[in-house]
Amino acid sequence: MDTILRLSHELMNSVIRILAVWVVAAACPAVHARCFPSEVGVDSLRPAERDSLLSPAHVVYVPDRLPAARQSLSGSALLHLSGRSVAEAMSTMAGLQVRDYGGVGGLKTIDVRGMGTSHTGVFCDGMPLSNEQNGQVDLGRFATGAFERVELYHGGASNMMQSARQWAAGNSVEMVSRRPEFADSARFGRVEAALRAGSFGRVEPSVRWERRFRRGFALTTDAAYLHAHGRYTFRLRKTFPDGSVAYDTTAVREGGDISAFRAEMNLFSPVESAAKWQAKAYVYTSERGIPAAIVNNVWGSSQRQGDTDIWIQGRWQRTFGNRYTLRLAGKGVMERLHYRNPDTLQLRVDRTFTQPALYLSAVHRVALGRGTYGAHYEFAVATDYAFNTLHQSSRWNLPYGSLQHPKRHTLMSAVVGSMSWRNWRTVATFHHTFTADATDLQPEVRRQHFLSPVVMSTLRPLPSLSLRAMVRRHQRRPTFNELYYHEIGNVSLLPEQCWQYSVGGDFERTFCQRAWTFSLSADAFLHRITDKIVAVPRGSGQWRWMMLNVGKVFSRGIDLKGKVVWRVTGAMTFDVSAHYSFIRAEDRSDSTDNDPQFGTFRGQIPYLPRHAGGLTVLWSWGDVSLSYVWSGVGERYRSSANTPGNRLRPWNTHDVSLLLAVPRVPWLRFSAACYNISGRQYEVVPNYPMPQRHFLLGIRFLTQRCR
Amino acid sequence: MFRKILMFTVVALAFAACNDDDTIDDGGNERPGDNTSYPERLYVLCEGLMGSNQSSIDCYDFATGTYQRSAYVQANPNVVLELGDVGNDIQQYGGSLWAVINGSNKVEVMDVSTLRRRGQVDIPNCRCVAFDGGYAYVTSYAGPVDDADGGQRGYVAKVDTATLSVVDTLHVGRQPEGLAVVDGKLYVVNSGGYCMPAYENTLSVIDLSDFSTRKTLPVAVNMQRILVDAQGMLWVNATGNYGDIAPSLCRVDPKSEQVTTLDLPVAAMTIQGDSLYIVSHQWDFVLNKGVPASAVVDVRKAAIVSSQMVDPAVLEGMSPYGVAVHPSTHDIFVSDAGDYVSPGSLYCFGSDGALKWDVRTGNIPGHLLIVGGK
């Protein structure tokens, strides 16, 4: 605890000092050069894409014309993380926690600002990835290498052309597929083949083929296979308060094996064409063990999971005249999960869950142009329709739970207005969600309506400084499990309500002919979740739990990021970025449980550290680039009763990665990475020990030099 | 700037080098009661949430009035991963204390006064324990699987208490829970808890002379625990089917096989003298909350003597989950599981039902046992 506090104070002090220096520098009148660009009507599907491709940027808050707090992971930083999953890569961002059950195949989800996993919408190329059954999207299955950019928007994105679903998301993760970049000489496209191998018996061959057609269409085809036995050693150690060892033992984590295959195909419209469109087909299959909690006398489980996810999506956008833009999008999904627990020592389960889904979206935007006093107005209307259902089948008739067959129709719409005046811009949105649910056993249709506002505003008083403020409300709809799971589910559940308030700013300046770039971003936030869905004990007996809207959480905190890029020479760059997050998320559910030592009232909610931070150092010199990532997470508690017995100790990891191109052999690249160098034994989820030091080596062949 | 980066790096590395070890859980102790001349101890087996490995044994010493949390860890700090996952039953036999740790697939055997570990018996998915003639009998869900319908029978393991080894097993019905011995016969409750809606409703009657099943006796749907009173009558609580069949308390005469049913929900029960003490926690679907209640039953008359065993004002808001009664003072101990994810509480009431004291326990205090001290 002391070290965490010391570190956080140290961080705070240095950040405050740096801030003071920059504020003085920014006040200098010489920098009042550019004004806030207020032109509208630019293709907003891919904002700031160029910048992030050109710079060796790590995670940056890209100063946006729209007032969202954005962090983006792209360029060579993303390349350094290409052996990791999207969830692991996102741990270098501020203001989120990665829930990791450990190992290559372990479930990995992200929790933004302690709101809970399902408050964050996950989007791939603007289309939602969702799981209506349990609300969790496993970001551990997505390989970073498949994406050009991974972005996190605190409080949701604020693009005028985004779908109603994106407006409704409390926070959003946007993953953008790699669009091929052809040199002029590349007539026939390029092929990229890679092989990665490393700890846990991991072998991962992948191939990518990029093709440009005569009219300028681009087609990419990716296929990757991953196999790992998933075994790793972990250490269990406890000491007496005097430091002497109570026990110290090493064991092997079993049951984390995985075989997964992924294939995807992307078709992109020509860059110059008036209508922008993009289509994607995606197939993912996996067969994996589910590692169990490590408890006394039990060292593994025989639970297994098989997945088959197939989806096809496309979107099309065109501006008619110079005022009206239309965007149409659609997606069809078929997801199948086969869960087995063949262990005859426990309840035998063999069940298959199939979730077909359909998603359609339309966005209309009208730019009204210059109005009185030179203000610009824009309006947009976004509507989404989604159909979700869940089929379940069980090999055995007896295991508990009658099989329900829920269906859900969702209609979402958003009305957006935007006003820009000089260096100030405000976006106001009302989004409305209508859901209609029914099941075979409960054919009576449940209808729910919710209307929520979003107001976001940004001001750029100086070219290098932008300030933002946001107020929004969003809902987290109950999942099928929460509503309909046998006995535990509760059909009268309401969605969780969340009010978010946030203020922040970005500052970025370059010095000495752009040799030095400093950027800093800070956000302070406050949010209040009511009607939080909590499993409430329902007396004694087998069906102990009942889902009820009884939780209340009140949180406040800050997210800070600082970044320095130093271009030492034309070829050599240093890029240092650091982030720190503080969050105090109080459980305000039960005001009677207020015992100062054992009570849950005003206790920090489970698994959420008050302090978390990280440091990334990226050094590139020509074809060699080295990255170092440190992440640290402060103490946490298993329960809102923050007792010493429920305390989870702090942990931190150091990762190093090296990318290397052989001189004069441009078609060959090597990569080597070592994660958790210090061999720290830690747990993100209690009783799920994480791997100690592990390695990943890679080799990549390219038919043409790029990226 | 470089100095700052350097400073930051140094701080980061220093932080990384520091070793914040996990220390054994001290648990802490309190002194809620007073010094008394009673030599007994009250053991509280806390279940802990499934998969959390947070099962623990707390100990209240009547002589000193002190309450020690995590007493098992204090007595056995070197046991890797402590007591284990989900303690389901705790019983005394001679100088040993037997704790059935369901999620850890084992029965932990300890010295009854020091809690020092004597050994363990590996029994998968074990539930409850009873003793007779040098043997322990442990119920387990993990019997043979019927591939036709996927159903699974349970079994009873016969354990030699001297060698702590399983000497025999016998298949019983589905998901067996509590068990009790009367006149050389073992009565095992078959719950069928995994077989919703086809719950079991029988007791398996096992002759201990040859360890074979004599008959199965239908009593009530989805039974859980079984106790024996001074007259040799069996008391079984049935949970019902959470639907049209309500929970009940049944008295079974092992000789005539006559069943007397009381419409009384039971979360936990204990017998002291001729009184059966009951706490319950029934879900009210209208209010959407649990309603705690308590009662005392006269076991000779099979009639409810009091439906307010303890002060209802104190009981209100509790999730009562365990009960014990001191043999001499008749003080009533009720454990409260709270929200099942944070530490529970133990309440001590006088024999008149008035609150004497309360103390915080481990997570989900479920099973209370008073043992004669020395």
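Two strands pair if DSSP finds at least two bridges between them; strands (E, at least two residues) and helices (H or I, at least four) are DSSP runs, numbered from the N terminus. The model is predicted, and local features need pLDDT of at least 70, side-chain atom pairs count only at pLDDT 80 or more, and totals for chains, interfaces and linings use all residues. Residues are numbered from 1 along each chain as its sequence is written, while chains are lettered from A and ligands numbered from 1 in the order in which they are written.

**Exercise 1.** Determine the strand order of the open sheet of four strands in chain B, and name its edge strands.

*Solution.* 
Step 1. The order is β13-β14-β15-β16 of chain B, with antiparallel pairing.
Step 2. β13 (176-182) and β16 (212-218) of chain B each pair on one side only, which makes them the edge strands.
Step 3. From one strand to the next the twist averages 25 degrees, where axes are lines fitted to C-alpha atoms, for helices over the stretch in contact, and angles run from 0 to 180 degrees between N-to-C directions.
Step 4. β13(B) meets β14(B) (residues 185-190) through five bridges in the antiparallel sense. In that pair B:Val181 has B:Leu186 of β14(B) as its bridge partner.

**Exercise 2.** Explain why strand β22 of chain B is described as largely enclosed, and trace its pairings.

*Solution.* 
Step 1. A residue is buried if 20 or more other C-beta atoms lie within 10 Å of its own, exposed if 12 or fewer, and partly exposed in between, with C-beta atoms placed from the backbone.
Step 2. In β22(B) (residues 275-284), seven of the ten residues are buried, so the strand is largely enclosed by the rest of the structure.
Step 3. On the β21(B) side (residues 268-272), five bridges link the two strands in the antiparallel sense. B:Thr270 lies opposite B:Tyr277 of β22(B). The hairpin has two residues between its strands, and B:Gly273 in the turn has a positive phi of about 65 degrees.
Step 4. β22(B) is also joined to β23(B) (residues 289-298) by ten bridges, again antiparallel. Here B:Leu276 lies opposite B:Val297. Four residues separate the strands of this hairpin, and B:Asn288 in the turn has a positive phi of about 55 degrees.

**Exercise 3.** Follow the pairings of β21 in chain A.

*Solution.* 
Step 1. β19(A) (residues 376-389) and β21(A) (residues 407-421) pair antiparallel over 14 bridges. A:Lys407 in β21(A) is the bridge partner of A:Thr389.
Step 2. β21(A) also pairs with β22(A) (residues 424-438), antiparallel over 15 bridges. A:Gly417 has A:Ala428 of β22(A) as its bridge partner.
Step 3. The hairpin of β21(A) and β22(A) has two residues between the strands, and A:Arg422 takes a positive phi near 50 degrees.
Step 4. For context, chain A has six helices and 36 strands, and buried residues make up 48% of its 707 residues.
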